[in-house]
Amino acid sequence: MKLRVLYHDRCFDGLASAAVFSRFYREKIRPDAEISYRGLAHQPGQIFPASAFDGDENAVVDFRYSRDPRLTWWFDHHDSAFPTPEDRAHFEADRSGRKFLDPAAKSCTKFIARTLASRFSFDPAPLAELIDWAEVIDGALFPDARTAVDLPEPALKLMVAIEGSHDEAARHRLIGDMQKLPLAQIVKEPYVAGPLVKLLTAHEETIELMRREIRFDRGVLRFDLSTQGIETFNKFIGYYLYPEAAYTVGVTLGPARAKVSVGSNPWHQEWRQHDIAKICERYGGGGHAAVGAVSFVASEIARARQVAAEIVRELES
Ligand SMILES: [Mn+2]
């Protein structure tokens, strides 16, 4: 019996969601299940690859809905969960009892844990450390910007390892380890600790680069790292440098896609006057009320810059 778990890739909450669901599935549904993973990234155009749902059961966690009849389990907490109104109607008509959405949930991981606990008598207690950290990281519940940037905790180092990972096999191994090992032990495993040295150095360099590149005006931080070869960055650096900023709009470029990232200051949500998911949806992106993104194919970098400038103008006070 094959279970395919599709998860939001290079995201702590995405991998932790896959780990919690997999542990549940082996404990409560099929102990002998052969579980395989596939990461999903937000990209323009097609949302799920044609071959995505190739298991006897297929679960999607922390990612968008699909009407595909082969999708048997679904959990998400994004405001932009439904690509079309037809998808929403399909979900609302679903009576399987295995598809769940809570846009108010801070993390998909904790949402999955409490849903499975109440409906399928799953015991999430052995994974409490993982679940609580997913809530802190995805909900941006850090005590201050310094903690989010200095990364003192193993969970935060693991966040860096996941967001900067270029090794899919390592990410899938990590989902396995998250089901059974404490986070302090996982970050010491050579397959995590090795690449992490370089990633933490790159993180320090990004802080210095952003110190130079970032501009702050009318409440909005803006920066363009597309010529610097930096695809991912810690999204709290801006508020660490400018605690008085209400919003951040950044442009990045990788080999496959250009991205406009839009965020609001997690320590001052009372300054937020806009629904960022709604703004990003207008340009084909999505996210949450407090944070979102719009993706483009890499060749559309000029369009990405133009969209970023438009969003900056909309957010300026
Ligand atoms: Mn999430």
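Start with strand β9, residues 257-264, which is mostly covered, with 8 of its 8 residues buried. Buried here means that 20 or more other C-beta atoms lie within 10 Å of a residue's own; exposed means 12 or fewer, partly exposed is in between, and C-beta atoms are placed from the backbone. Helices (H or I, at least four residues) and strands (E, at least two) are DSSP runs, numbered from the N terminus.

Before you click on, keep in mind that this is a predicted model, where local features need pLDDT of at least 70, side-chain atom pairs count only at pLDDT 80 or more, and totals for chains, interfaces and linings use all residues. Residues are numbered from 1 along each chain as its sequence is written.

Now show the side chains of β9. Arg 257, Lys 259, Ser 261 and Gly 263 point one way, while Ala 258, Val 260, Val 262 and Ser 264 point the other way, and all are buried.

Strand β8 (residues 247-253) pairs with β9 in the antiparallel sense over 7 bridges; two strands pair if DSSP finds at least two bridges between them. β8 and β9 make a hairpin, with 3 residues between them. To see one of the bridges, pick Thr 248, whose partner in β9 is Gly 263. Strand β11 (residues 291-297) also pairs with β9 in the antiparallel sense, over 7 bridges, and there you'll find Ala 293 opposite Ser 261.

Zoom out to the sheet. Its 6 strands run in the order β6-β7-β8-β9-β11-β10, and the sheet is open, with mixed pairing. β6 (215-217) and β10 (286-287) stand at the edges with a single partner strand each, so one side of each has no neighbour in the sheet. Axes are lines fitted to C-alpha atoms, for helices over the stretch in contact, and angles run from 0 to 180 degrees between N-to-C directions. Contact means that the C-beta atoms of two residues, placed from the backbone, lie within 7 Å.

Colour by domain next. The protein is divided into domain 1 (2-190) and domain 2 (215-315), with bounds that come from an automatic or database domain assignment. Taken over C-alpha atoms, the two centres are 24 Å apart. At the interface, 14 residues of domain 1 are in contact with 21 residues of domain 2. On the domain 1 side, helix α5 (residues 145-150) gives the most, with 4 residues. That side has 5 nonpolar, 5 polar and 4 charged residues; Ala, Val, Leu, Ile, Met, Phe, Trp, Tyr, Cys and Pro count as nonpolar, Asp, Glu, Lys and Arg as charged, and the others, Gly among them, as polar.

Now for some helix packing: select α6 (residues 154-163) and α9 (residues 190-213). How do their axes cross? They come within 9 Å and cross at roughly 90 degrees. That makes α6 roughly perpendicular to α9, a label for angles of 65 to 115 degrees. At the crossing, Lys 157, Val 160 and Ala 161 in α6 meet Val 192, Pro 195, Leu 196, Leu 199, Leu 200 and His 203 in α9. By class, the contact has 7 nonpolar, 1 polar and 1 charged residues.

Stay on α6, which is mostly covered, with 8 of its 10 residues buried. Among them are Leu 156, Leu 158, Met 159 and Ile 162. The buried residues pack against α1, α4, α7 (168-178), α8 and α9.

Jump to α8 (residues 183-186) and pick Gln 185. Is Gln 185 buried or exposed? Gln 185 counts as exposed because it has 12 C-beta neighbours inside 10 Å. Draw a distance from its C-alpha atom to that of Leu 71, 114 residues apart along the chain, and you get 34 Å.

Most residues other than glycine have a negative phi. Arg 10, in the loop between β1 (2-8) and α1 (12-29), has a positive phi near 55 degrees. With 17 C-beta neighbours inside 10 Å, Arg 10 is partly exposed. Ser 121 is in the loop between α3 (108-120) and α4 (128-138), with a positive phi near 45 degrees. Ser 121 is exposed, having 9 other C-beta atoms within 10 Å.

Technical notes: Parallel < 35°, antiparallel > 145°, perpendicular 65-115°, else oblique.
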